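Let's take a walk through this one, starting with the contacts and working towards the sheet and the core.

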Amino acid sequence: MSETTLHGSGGYIVANITEEQAKKADLGVGKLFLAPIGKLEEREMIKHYCKICEEEFNNPPKVHLEENNREQVADNLVLVERGQYNCQKCDSAIGEYRVFEKQDEAGEVGNAKPSDLVSDRN
Ligand SMILES: [Zn+2]
């Protein structure tokens with residue numbers, strides 16, 4: 001785990017992420033992004049910066065769940081959950097997240113717990 005700055009459209013979040021998460025967040029342009037990681041838990045987030053407030057806060061942003069209807073987005077890919085991270089002060093969006101599930105994997109690992117099937121696989 002290391003403290004990493006993850007950029008979103010409305011600011012950034014400093015979070016403790018794993019090497020695997022860091023790889024997902026790295027789009028090869030010299031900084032890391034929130035969107036490709038999936039959902040961050042509140043305990044993983046340390047600080048957030050809001051472009052509207054122009055201020056860095058020493059606590060996690062609010063997590064706002066927009067949708068958790070399972071939605072088929074490709075042949076074997078289901079969008080499980082979608083939401084935003086919001087500024088604690090003004091409530092504007094810092095960034096967004098999406099959690100996907102691959103259906104073929106879900107089928108093969110029949111006995112696994114549902115939590116094992118979400119977001120960690122690529
Ligand atoms: Zn704000």
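Among contacts in the chain between residues at least 6 apart in sequence, 51% join residues at least 24 apart; a contact here means C-beta atoms, placed from the backbone, within 7 Å. Keep in mind that this is a predicted model: local features need pLDDT of at least 70, side-chain atom pairs count only at pLDDT 80 or more, and totals for chains, interfaces and linings use all residues. Numbering starts from 1 along each chain as its sequence is written.

Read along the sequence, the pattern is β-β-α-β-β-β-β-β-β-β-α, so you'll find two helices and nine strands (DSSP runs numbered from the N terminus: H or I of at least four residues for helices, E of at least two for strands).

Five of the strands make an open, mixed sheet in the order E3-E1-E2-E4-E5, where pairing takes at least two DSSP bridges between two strands. E3 (32–33) and E5 (55–57) sit at the edges with a single partner strand each, so one side of each has no neighbour in the sheet. E1 (residues 2–8) runs parallel to E3, joined by two bridges, and Leu6 has Leu32 as its bridge partner in E3.

Leu6 turns up again in the largest nonpolar core, which has 17 residues; Leu6, Ile13, Ala15, Leu34, Ile37 and Ile94 touch the most other members. Such a core is a set of buried Ala, Val, Leu, Ile, Met, Phe, Trp, Tyr and Cys residues joined through C-beta atoms within 7 Å, buried meaning 20 or more other C-beta atoms within 10 Å of a residue's own, with C-beta atoms placed from the backbone. E2 (11–17), E4 (45–50) and E9 (93–102) each give two or more residues, and E2 gives the most, with four.

Definitions and conventions
Buried ≥ 20, exposed ≤ 12 C-beta atoms within 10 Å, placed from the backbone. Contact = placed C-beta atoms within 7 Å.
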